[in-house]
Amino acid sequence: MNSNQIFFKKSRILPADQFFRNVLYDKKFGYYASQMPFGKNGDFITAPKISNIFSEIIAIWIVASWETFGKPKNFNIVELGPGDGSLASILLKSFKKFPEFNSIKNLFLLEKSNFLRKVQKKKLNKDVKWINNFDEIKKGPVIFFGNEFFDAIPIKQFKKIKNNFFEKSYVLDKDKKIREIFVKASQMSVKIIKSYKSLKNLKFIEFPQFGLQELKKINKKILKLGGCILMVDYGYVKPSNQNTLQSVMKHKRNNLLHNLGKADITAHVNFALLGEFFKKDGLNVKNVITQKQFLAKMGILERAQVISKTMKFREQSDLYLRLNRLLGPKYMGDLFKVILAYKFNKNNFAGFK
Ligand SMILES: C[S@@+](CC[C@H](N)C(=O)[O-])C[C@H]1O[C@@H](n2cnc3c(N)ncnc32)[C@H](O)[C@@H]1O
């Protein structure tokens with residue numbers, strides 16, 4: 001079989017989100033099925049791999065939020081898309097410094113890729129549980145947390161010409177080449193797009209249908225048991241007709257249709273749309289802030305000062321270089337955003353006060 005055929009499965013034409021979902025998550029040939037995407041030898045680097053201090057701050061945020069929730073005796077944390085398990089391993093280490101919290105917390109991991117699940121299982125001890133859905137979480141509030149989770153879920157793309165919507169799709173030609181085309185959008189898609197204020201007046205629309213389906217299940221759980229969802233990702237609050245689908249391989253831009261299954265494919269997250277979505281479902285939403293604002297409010301610089309006291313000069317400069325990557329406006333500081341949606345009768349969450 002030609003490698004292009006693999007990702008079409010039995011279809012000849014697929015909407016962009018379905019096509020790229022096959023490319024990323026096909027159980028045998030998908031990007032996430034067999035290779036390590038993260039780090040120097042991979043294709044891209046994420047905040048937990050830049051510095052442990054990022055994950056420590058998330059751990060402190062989780063413990064502080066548990067306090068906001070009134071220190072409940074049953075308390076659950078779900079990490080969404082834990083990657084190679086780096087963040088979860090620092091969470092477990094950091095929680096030990098808070099024995100009261102540590103003894104009652106339940107940490108769950110939701111991971112789609114079987115390959116990455118295996119990587120996580122090697123790294124993490126028995127203090128975590130892998131789940132496929134949230135059925136077994138029955139008691140106590142839940143904190144859902146995801147770093148670069150949403151950008152990894154393929155999106156739909158549409159263009160609007162006069163008042164007609166057309167959806168980007170991919171066709172497998174007779175000579176097995178892949179071609180991009182736009183087909184008339186379904187009435188259902190048009191209705192959904194029109195229901196979002198944050199998509200109004202756009203000529204090029206990105207819509208994360210699969211991602212929102214995942215969030216719907218999370219919202220339901222939060223509405224039932226109480227809790228919140230904190231998501232950190234790169235994206236924007238003002239959509240601007242931009243096509244943000246991108247492919248990256250070995251830390252360099254790659255043509256979207258080249259190296260299928262060997263390169264990562266992501267899209268920027270529309271945070272205004274996420275906020276609208278959470279509100280429609282009945283959750284409260286804090287104003288979206290940048291990663292720099294969140295980490296600074298959570299005291300990352302103070303923490304760096306404390307730990308750097310016992311470091312040698314070279315280690316100190318390495319730490320501050322890494323901090324600059326997390327906070328600097330040229331790097332992740334401004335491009336990355338943080339959104340918090342919650343269901344609780346108080347709203348004094350750390351980092352957002
Ligand atoms: C870009 S990686 C981020 C990994 C990690 N959070 C980090 O910051 O290094 C995206 C992660 O989300 C997972 N993922 C994507 N879609 C998912 C879904 N629907 N359910 C669970 N995990 C998913 C991927 O397999 C991968 O672990």
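**Ligand shell, buried elements and strand pairing**

The ligand is surrounded by 20 residues, counted as near if one of their heavy atoms lies within 4 Å of it. The closest are Tyr25, Thr46, Gly81, Glu111 and Asn147. The model is predicted: local features need pLDDT of at least 70, side-chain atom pairs count only at pLDDT 80 or more, and totals for chains, interfaces and linings use all residues. Residues are numbered from 1 along each chain as its sequence is written, and side-chain values use heavy atoms, with hydrogens and water left out.

The shell divides into 11 nonpolar, 5 polar and 4 charged residues. Here Ala, Val, Leu, Ile, Met, Phe, Trp, Tyr, Cys and Pro count as nonpolar, Asp, Glu, Lys and Arg as charged, and the others, Gly among them, as polar. Polar contacts are pairs of N or O atoms within 3.5 Å. A polar side-chain atom of threonine 46 lies 2.5 Å from a ligand oxygen atom. A backbone N or O atom of glycine 83 is 3.2 Å from an oxygen atom of the ligand. Lysine 112 places a polar backbone atom 3.2 Å from a ligand nitrogen atom. Taken alone, the ligand exposes 600 Å², of which the protein buries 96% (Shrake-Rupley method, 1.4 Å probe).

Strand β10 (residues 227–236) is largely enclosed by the rest of the structure, because 10 of its 10 residues are buried. Buried means under 20% relative accessible area (1.4 Å probe, protein chains only). Gly227, Ile229, Met231, Asp233 and Gly235 point one way from β10, and Cys228, Leu230, Val232, Tyr234 and Tyr236 the other way. Helices (H or I, at least four residues) and strands (E, at least two) are DSSP runs, numbered from the N terminus.

Strands pair if DSSP finds at least two bridges between them. Strand β5 (residues 142–147) runs parallel to β10, joined by 6 bridges. Isoleucine 143 has cysteine 228 of β10 as its bridge partner. β10 also pairs with strand β17 (residues 336–343), in the antiparallel sense over 8 bridges. Strand β14 (residues 269–270) is parallel to β10, with 2 bridges. Tyrosine 236 stands opposite asparagine 270 in β14.

Helix α5 (residues 86–95) is also largely enclosed, since 8 of its 10 residues are buried. Among them are Leu87, Ile90, Leu91 and Phe95.

An open antiparallel sheet has 3 strands in the order β12-β11-β13. Its edge strands are β12 (252–254) and β13 (264–266), each pairing on one side only. Strand β11 (residues 246–249) pairs with β12 over 3 bridges. Valine 248 stands opposite arginine 253 in β12.

Definitions and conventions: Polar contact = N/O pair within 3.5 Å; in protein donor to acceptor, adjacent residues only side chain to side chain. Buried < 20%, exposed > 50% of the residue type's maximum accessible area, 1.4 Å probe, protein only.
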